[in-house]
Each structure stands twice: as C-alpha cells, then as structure tokens.
Amino acid sequence: MSAVSSADVPDDVAAREAAAATANPGRWRAVAVTSLANVVDNTEGGLINTLFPVIRTALNLDLGALGVLTSISKFARMIAGPFWSVLADKYGRKRVLAFVTGVWSIWTILTGLAQNYAQLLILYSIAVVGTVAAEPIINGMMVDLFEDEERGKAYGAVRSLAGLGGLLLTPLIGQLSKVEQGWRIGLFIMGGIGVVTGVLVLLFVREPVRRATTGASAEGTFNLAEVRAIMKSPTVLLLIGSLVFITSLVLFAFFVTYYVEVRGWSTADAALLYTVFLGGFMLSSLIGGTLGDWFDRRFGPRGRIMLMQLYLVVFAVMSFVALQIDWGHGLLLYVVLFFFGLVAAIGFSGAVLPMVAAVVPAELSATAF
C-alpha cells in the first residue's frame, strides 16, 4: 500500500487537471466537436448496415455482400487507421482530422450514386479509407488534452456523444427504407454532415499542446523501431488479442439484418430496435468512463483490468440473453436490448482506451491507437 494518504490525492489530481485545462483551453469543446467526427465514422458504416435489406433488394445482392462490405470497413481500419494516425502525429491532429472528415466525405456522397454492386464496393471502399481515421486520431488527442485521472471521463464523453448522434440518426435512417432510393439519400446526408464537421473542426478545435516525449524519436515522427517496442508491451498485446473475441465488433454490422431476416421485423422497425440498443450504449460509454476512473483510483494498476474482466463476463451473458432468446415483438424486447446496450461499451471507455493511453509513449499515442 502507498504511504500517501488518500486525503493528499484529490489535491494533487486537481492540480494536474487545472494545469491541463490551462495548457489546452477549450478542451471540452474539442470533445464535443470531435465527437461529431466519430458520429460520421460510426454512422456511415452503420447506414450501410441499417439499410442493407433495402440495398440488397435495390441492387439484387445476397446476404454475403453485407459480410464483404463490413470486412472492407474493418480492413480499412486496420490498414488506413495507422497511416492516418502517423500523418496526424507528424502534421497535426486537427489538420488531418478536418481533412478526413470534411474533404474525404465527398466520397460518401459519391457512393450514393452507385448503380451496381461493383460500383458500390469501389466507392464505399474509398470512402471508408477516410472515415476510419477519426477514432485513432481523436483517441490520441485525448492523451494530450486530459490527465490520466480524467481520461476515462473524456473517452466516455466522446463515445457517449457519438452514441447520441447515432441515437438520433439511426431511426431517421431506418425511415429512409420506406422511401424509394432512400439509401442513396442517406449517403448524401451523411456525406454532407461529414463536410460540415470538417469545417467545425477547423473553426472550433485547437491543436493540443503535446506532452513531453518519452522515447528516442523526435516528436511527431514515425519510427518503426518505436512501433515494435510498443508491440512488445504485454498490455498492448493482450488488449489486441482480446479484440478478436469481442463479439460487438461483428454485432453492430449484422444487428438490423438479423432482426429482419431471422426475427421477421421490418427494416424501419429493426432500426428502432437498434436505436434502443444505442440509447443504452450511449449511457454505457459514460458509465464505463466514470467506473474506469473510480476503479483506477480505488485499486490502482489493477483497477481497469478488474473492470475489463467484469465487463467481459456480463457482456457475454447479455449477448446470450438478448440474441439467443426470442422475446417476441413486444415491449420486453426493447427493455432487454436497452440493458444489453447499457453494458456494451463499459470495457472500452473505462478500460481499453485509458490503458493504452497509459502504457504507450505520448508521441506515438495516435499511432498506437
């Protein structure tokens, strides 16, 4: 046990938080604006997933096409995410974020013009190459904007606000299934939101003051040896390995189609179900961030690990309850899905993201994410 009394900790924490706020004025405004970029990132892919049943009919696709489109998004995140993050480390997070949300969103608008599966595949692939950049860049910005004791709250706020955007947009997107060629309108809308978000980033987000570097590399440069050093971290390796078994990475893509094809819901009504899930998810991000900070203060280095273990068990149980039991078409299913969403994001905002921020060199934070 530490010899430092618990009474001394809050003053020390408050002093560091005050210093961070002074160094980066408008940091909570940055959280609000960058959350819009996360909305664009999440909802562009979510639009394809939500409206796939009608896209399938319009372009005469089979169910396998949804798997291909989903895998393209994941593959783009794997390949392009680090690329954009390296550029952000080198040229500035604000500048690159504004480009990938504002300018690159034009490709989303063009995706809405696709006339067949091949065109949809090509245009969507190009579009997601840019949209996947938002999350790792924003995660890296939070490292410089907030102290360790606040990061859970900051990550939770970003994910909650992004969830709120999805909560508002998903039912509207679902209603587009009732409109002829409505999926095209949805892509036009999402592309437009992306362009506006890029402008907002330029106007209202300050480039964060970077923390002092801890590695041999100059600040903001890419060094392969440093990346290899990051990959040697047991914490990073365990987190990467665990992601293979996190079913939520697949769940979001097939949620609406599952309830349409397996449970017999209409696309619009299945989108409402997803909205209820997202309502719980939005609160879950905020709850997870707050819980993560509390576990960290209460149990020290073991705290976030303990929270992650609890989260994985509860999420597994809720996955079975929500998806393997047919709750019918009544109110009970909405209640179950809300509670499912309520636990879905706790591990990421409360454990995974703050843990990565704590163990990687500050100058490579965005690249590490």
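Author: Start with how two helices pass each other: a crossing is left-handed if the near helix is turned anticlockwise from the far one by less than a right angle, and right-handed if clockwise. Helices here (H or I, at least four residues) are DSSP runs, numbered from the N terminus. This is a predicted model, in which local features need pLDDT of at least 70 and side-chain atom pairs count only at pLDDT 80 or more, while totals for chains, interfaces and linings use all residues. Residues are numbered from 1 along each chain as its sequence is written, and side-chain values use heavy atoms, with hydrogens and water left out.

Reader: In which hand does H8 pass H16?

Author: The crossing of H8 past H16 is right-handed.

Reader: What else describes such a pair?

Author: Two packed helices are described by the angle between their axes and the distance between the axes. Axes are lines fitted to C-alpha atoms, for helices over the stretch in contact, and angles run from 0 to 180 degrees between N-to-C directions. For H8 (residues 148–175) and H16 (residues 346–359), the axes come within 9 Å and cross at roughly 130 degrees. Angles under 35 degrees count as roughly parallel, over 145 as roughly antiparallel, 65 to 115 as roughly perpendicular and the rest as oblique. H8 and H16 are therefore oblique to each other.

Reader: At what angle do H13 and H14 pack?

Author: H13 (residues 267–299) packs against H14 at about 135 degrees, and their axes are 7 Å apart. That pair is therefore oblique, and H13 passes H14 in a right-handed crossing.

Reader: Are H4 and H9 roughly parallel or roughly antiparallel?

Author: Their axes come within 7 Å and cross at roughly 165 degrees, so H4 and H9 are roughly antiparallel. The crossing of H4 past H9 is left-handed.

Reader: How do I check the length of a helix?

Author: Compare its end-to-end distance with the expected span, which is 1.5 Å times one less than its number of residues. H6 (residues 117–131) has 15 residues and should span 21 Å; its end C-alpha atoms are 21 Å apart, which agrees. H7 (residues 134–145) has twelve residues and reaches 16 Å from first C-alpha to last, close to the expected 16 Å.

Reader: Which residues of H6 are buried?

Author: Buried means under 20% relative accessible area, exposed over 50%, and partly exposed in between (1.4 Å probe, protein chains only). In H6 the buried residues are Leu120, Leu123, Tyr124, Ala127, Val128, Gly130 and Thr131. Seen down the axis of H6, they fall within an arc of 145 degrees, so they line one face of the helix. The arc is that of the directions from the helix axis to the C-beta atoms.

Reader: How many residues of H7 are buried?

Author: Eleven of its twelve residues are buried, among them Ile137, Asn139 and Asp144.

Reader: What does a polar contact look like here?

Author: A polar contact is a pair of N or O atoms within 3.5 Å; within protein, one must be able to donate a hydrogen and the other to accept it, and residues adjacent in sequence count only if both atoms are side-chain atoms. Asn116 caps the N-terminal end of H6, with a side-chain oxygen 3.2 Å from the backbone nitrogen of Ala118. In H14 (residues 303–323) is Ser319, which counts as buried at 15% relative accessibility. A polar atom of the Ser319 side chain lies 2.8 Å from the backbone oxygen of Phe315.

Reader: Where is Asn60?

Author: Asn60 is in the loop between H2 (27–59) and H3 (64–91). Its phi is positive, about 60 degrees, although Asn60 is not a glycine. At a relative accessible area of 70%, Asn60 is exposed.

Note on methods
Helix = DSSP H or I, 4+ residues; strand = E, 2+ residues; numbered from the N terminus.
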